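Please open the structure in the viewer and keep the selection tool at hand. The stops below proceed from the whole chain to individual residues.

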Amino acid sequence: MPEQPQHRTAAEYWDTFWPSAGEGSGGVPDASRMRWTQYPFHGPGAEFLGRPKTALEIGSASCVAGVALARTGVEVTCVDFSSHQMERAREWWGDEPNVTLVEADVLAYLDRTDQHWDCVFSNWGAAFFIDPRVLLPLVLPRLRPGGLFAFAQVEPLAPCFGPQIKYGNGYRGEKLAIVRWMLSNRQWTETLERHGFVDVEVVTLPGREPGWVGTTMGRAYAP
Ligand SMILES: C[S@@+](CC[C@H](N)C(=O)[O-])C[C@H]1O[C@@H](n2cnc3c(N)ncnc32)[C@H](O)[C@@H]1O
């Protein structure tokens with residue numbers, strides 16, 4: 001017998017992602033400031049995105065980042081394919097001004113929408129978990145000319161640069177690959193440029209203390 005409940009899909013896997021349901025764990029999260037790193041009170045806030053009027057958050061889970069951005073006056077759409085994450089987000093943010101919540105696979109959504117945004121961003125979201133060679137060709141045409149693609153996720157550590165697998169059902173269950181795309185800054189830069197983005201800047205923001213794990217932060221623009 002497997003030792004833990006089995007997820008059949010990645011969306012089901014993400015149904016169990018923090019904050020495990022908000023039920024009994026503090027209720028509505030703090031969305032007073034946009035955060036990009038794993039450390040509280042560390043790194044930039046919404047200014048990392050410049051001054052967009054519209055934005056799309058891909059892989060939004062709690063939607064805290066999107067809601068914090070919306071509270072600065074930006075019209076934000078948050079997309080995630082986990083029904084549990086989106087159900088909870090609808091409970092928390094269903095009446096939030098400037099926020100549209102969409103339950104969908106990011107790839108399918110980007111493929112079918114004819115909307116354009118000033119900014120598409122991933123706050124430890126879909127860009128962390130989707131092959132950039134698949135994601136980026138769908139993101140670029142959805143940006144207005146000069147629009148920004150921005151992302152943040154954990155810094156990869158040498159020697160492991162590239163896709164890294166997590167066994168979604170552990171080692172003793174059904175096969176389910178959850179892949180983290182942990183490229184080096186140079187790999188990210190080359191991949192973004194190869195897919196038509198310009199003015200690419202991918203950096204590592206150091207952790208809060210010397211020697212602590214940092215955050216990969218990237219910005220790239222549509223021509
Ligand atoms: C680490 S969480 C994002 C955390 C989020 N920034 C927060 O603060 O709650 C990654 C999210 O990406 C979503 N995701 C991954 N691949 C996706 C895809 N193909 N389509 C839609 N959402 C996806 C997962 O469902 C998950 O909710």
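Buried residues make up 39% of the 223 residues in the chain; a residue is buried if 20 or more other C-beta atoms, placed from the backbone, lie within 10 Å of its own, exposed if 12 or fewer do, and partly exposed in between. The model is a predicted one, in which local features need pLDDT of at least 70 and side-chain atom pairs count only at pLDDT 80 or more, whereas totals for chains, interfaces and linings use all residues. Residues are numbered from 1 along each chain as its sequence is written.

**The whole chain**

Display the chain as a cartoon. There are seven helices and nine strands; these are DSSP runs numbered from the N terminus, with helices (H or I) of at least four residues and strands (E) of at least two. The C-alpha trace spans about 55 × 45 × 40 Å along its principal axes. The radius of gyration is 17 Å, which agrees with the value near 17 Å for a compact globule of 223 residues; the radius is taken over C-alpha atoms, and the globule rule is 2.2 Å times the number of residues to the power 0.38. Of the contacts with a separation of 6 or more, 63% join residues 24 or more positions apart, a contact being two residues whose C-beta atoms, placed from the backbone, lie within 7 Å.

**The nonpolar core**

Next, select A55, L69 and V120, the residues with the most contacts inside the largest nonpolar core, which has 56 residues. Such a core is a set of buried Ala, Val, Leu, Ile, Met, Phe, Trp, Tyr and Cys residues joined through C-beta atoms within 7 Å. Which residues does V120 touch, not counting those up to four places away in sequence? They are L56, I58, V139, R142, L143 and F149.

**Residues 56–147**

Select residues 56–147, which an unreviewed UniProt entry annotates as "domain: Methyltransferase". Over this range the chain is 40% helix and 28% strand, and the end C-alpha atoms are 11 Å apart.

**Helix α7**

Move to α7, residues 185–194, and show the buried residues W188, T191 and L192. They cover an arc of only 95° around the axis, which puts them on the same side of α7; the arc is that of the directions from the helix axis to the C-beta atoms. R186 and R194 are exposed on the other side of α7. The buried residues of α7 pack against α6 (132–139), β8 (198–205) and β9 (215–221). After α7 comes G196, with a positive phi near 95°.

Select β6, residues 162–167. Is this strand buried or in the open? Zero of the six residues of β6 are buried, so the strand lies largely in the open. β6 runs antiparallel to β7 (residues 177–182), with six bridges joining them; two strands pair if DSSP finds at least two bridges between them. Within this pair, K166 stands opposite I178. In the loop between β5 (143–154) and β6, find P159; the peptide bond from A158 to P159 is cis, with omega near 10°.

**Two loop residues with positive phi**

Finish with N98, in the loop between α3 (83–93) and β3 (99–103). Its phi is near 70°, a positive value in a residue other than glycine, and N98 counts as partly exposed with 17 C-beta neighbours inside 10 Å. Then select W124, in the loop between β4 (117–123) and α5 (126–129). W124 has a positive phi of about 60° although it is not a glycine, and its 19 C-beta neighbours inside 10 Å make it partly exposed.

Technical notes. UniProt positions are given in the numbering used here, feature names are shortened, and annotations may be inferred rather than shown by experiment.
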